[in-house]
Each structure stands twice: as structure tokens, then as C-alpha cells.
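Open the structure in your viewer and keep the selection panel at hand. Each stop below says what to pick and what is there.

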Amino acid sequence: MKQGVRKVVVDEDNAGQRVDNYLMAQIRDVPRSIIYRIIRKGEVRVNKGRVKPDTRLNTGDEVRIPPVTRKQKPEQIVPGSRVQGVMQDAVIFENDEMLVVNKPSGIAVHGGSGLDFGLIEVLRAARPESKFLELVHRLDRDTSGLVMVAKKRSALRYLQDELRHKRIRKRYHALVAGDWSPSVKRVDEPLLRFELGSGERRVRVDSAGKESLTLFRCLEFYSGYSLVEASPVTGRTHQIRVHSAWAGHPIAGDDKYMDDVSLRAFRSAGGQRLMLHARSLDFTLPSTGEAVHLEAPYDKAFGDTIARLTARRKASE
């Protein structure tokens, strides 16, 4: 497929971007090598002048984008109206710059790896009028809870910078196996990503891994389980799951880091999901700097498990 020459005026939200990054957003599904080739050959012009890949754009600049041949993408599966409705109903905060979703367990944040779509694709399908929707951060597929989505590029840059500088506080609730020791308030073991022979991605505590820190606080004790609050200071893959398991208390329902006997016992007692939930967020809004605190309720499966354990504890008292 080949489009003709386009001339695009840079808006305020895209000001400050490098030309190469701007083109990658404007011309999707094209290899980076082609982007750099058309810049090098002078086919890309800004205000009628040649540019380099690292040239920064300003509001009002006119960018000439040449015709580029692209492979025709196979027809994509569009998320159905039911799942679109579920995701729309899961939005718990929104303004003109961003929104926050209480993501259901079992839905990935984006498609790929055999999945036709995830949270972000569903939101884009449900909001065809939105020109920009991008994930600010990620959650594991089986983890429920709060996910931030930017509606403007400036908001995306701001929020990701806030995450890098650890100015956004995220708290998770996790139901873990055993009685959590109140003395365990932090786990700072380094984490290393690796692959099993099957190609499945895993993480382990390893001195060769990246520095990682999770703060823990026990909230409730039940018979055989504890409800803990986990606050990740760093943002490594599977961080809370691996740090909990390393402390001797794997998260209930975790088919990657919980031993088989404990996993079977949890499921035979009615456990249906990984018991990890992104419970709250504290951040400041991109434009105003206003402080925001959000909390996401548990879904039915998580709430029913906690209610069942609470009832069992009361019956034994």
C-alpha cells in the first residue's frame, strides 16, 4: 500500500519530539531503516528544509512526509461490543489528558503473543474519535487493578517521567500463603529475567540481576493466608510475585511461582485467580499539578475469596 505526499503541521502536543520519532508515529508498520533512509535522502522536509533524524520539532512546523510503501496488514479482529462495554465501565477516572482503568484479571494490557487484543486495543476500538491513547505503564495479564492511559503525548511524557523519578506511588494488595512475618517490611533482592526451555519468561532472585525493592505491610491474617500491601519502589517484571515467593509467601493462585501442592490446595478451596490487585495510585495531574488519590475495588473473584477466608476465621474464633 502506498500513500501520496502528506504535509502535516506539528501541534503543541508533539512539539519537542525528534523527527525520526515523530515519523514513526505518523507512518506506522514501517521498519526504522526506511524511516532513516527517507530522512537521509532528503525526502522528509521541515518547513521545506532538509533535516537530520535528531532535529527537534516546534509547534507550527510543516513536515513533508513522502509516499512510503507499506505491507498491507492482515485484517484484525475487532473487540466486540461486550468487551468494549466492560472496559468503558472499568474507567474510574478521566479528564482531557488521561484516564485510569480498573483492569479486570485475565485481560492483557495489549495484544500480541497470541492475543488478538488487550486493554489498549479495546479502548481504541471503543473510542474511535480519540487520536491518541497510549499505556503509561503495564500490569501482568492476571493482575487486576489500576492502569494509567495517556490521551495526549505531553501527558504520556509527564507521567512516564514521574514514574522514572519515583514520584508516583503504587500500592498492591496480595493474598499470600502462610503467616507473613510483621518483621519483613522490605525485600531488596536483585531480579534476573530468564526463559525456560519452552520459551516462557520467568524471573528469579539472582546476584546478576537488576536492583529491586518492594516494601511490604501485613494487613490481615487468615487461616493459612495473609493479606499484604506491597509497594514496589522499582518496577521490574513480576517483582512483587518473586519477592513474595522469596520471602517464603508466594501469592495465592500464582501458577509461576507457587509450588504445585499449595496451588492445588488454593484452587480446590475455590480460588479462581492470581490474588494480586493494583489497589491504589497517588500521582499529580500533568497540567495542574493537582494531587490525586485513587483506589480500585476488588473484582468478584478476589472479593469472594477474602470474604470466604474472613468467614472461616470468624467461625474458628
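The tour goes through aromatic pairs, then charges over rings, then an annotated site. Keep in mind that this is a predicted model.

**Stop 1: aromatic pairs.** How many aromatic pairs are there? The count comes to 4. Select Phe93 and Phe283. Their ring centres are 6.3 Å apart and the planes meet at 80°, so this pair is edge-to-face; the cut-off for that class is over 60 degrees. Now show the strands. Phe93 belongs to strand S5 (residues 91-94) and Phe283 to strand S15 (residues 276-284), so the pair ties together parts 190 residues apart in sequence. Buried or exposed? Both Phe93 and Phe283 are buried.

**Stop 2: a stacked pair.** Select Tyr298 and Phe302. These two rings are stacked, with 4.3 Å from centre to centre and 25° between the planes. Colour by accessibility next. Tyr298 is partly exposed, at 24% relative accessible area. Phe302 is buried, at 0%.

**Stop 3: charges over rings.** The charged end of Arg279 sits over the Tyr298 ring, 4.6 Å from its centre. Then move to Phe194 and Arg204. Here Arg204 lies over the face of Phe194, 4.6 Å from the ring centre.

**Stop 4: the annotated site.** Select Asp140. An unreviewed UniProt entry places the feature "active site" at Asp140. Where does Asp140 sit? It is in the loop between strand S7 (134-135) and strand S8 (144-150). Finally, display its contacts. Leaving out residues up to four places away in sequence, Asp140 touches Lys103, His238 and Arg241.

Notes:
Residues numbered from 1 in each chain as written. Predicted model: local features only at pLDDT ≥ 70, side-chain atom pairs only at ≥ 80, totals over all residues. Heavy atoms only, no water. Phe/Tyr/Trp six-rings, centres within 6.5 Å; stacked < 30°, edge-to-face > 60°. Helix = DSSP H or I, 4+ residues; strand = E, 2+ residues; numbered from the N terminus. Buried < 20%, exposed > 50% of the residue type's maximum accessible area, 1.4 Å probe, protein only. Lys NZ or Arg CZ within 6 Å of the ring centre and 35° of its normal. UniProt positions renumbered as here; feature names shortened; annotations may be inferred. Contact = heavy atoms within 4.5 Å.
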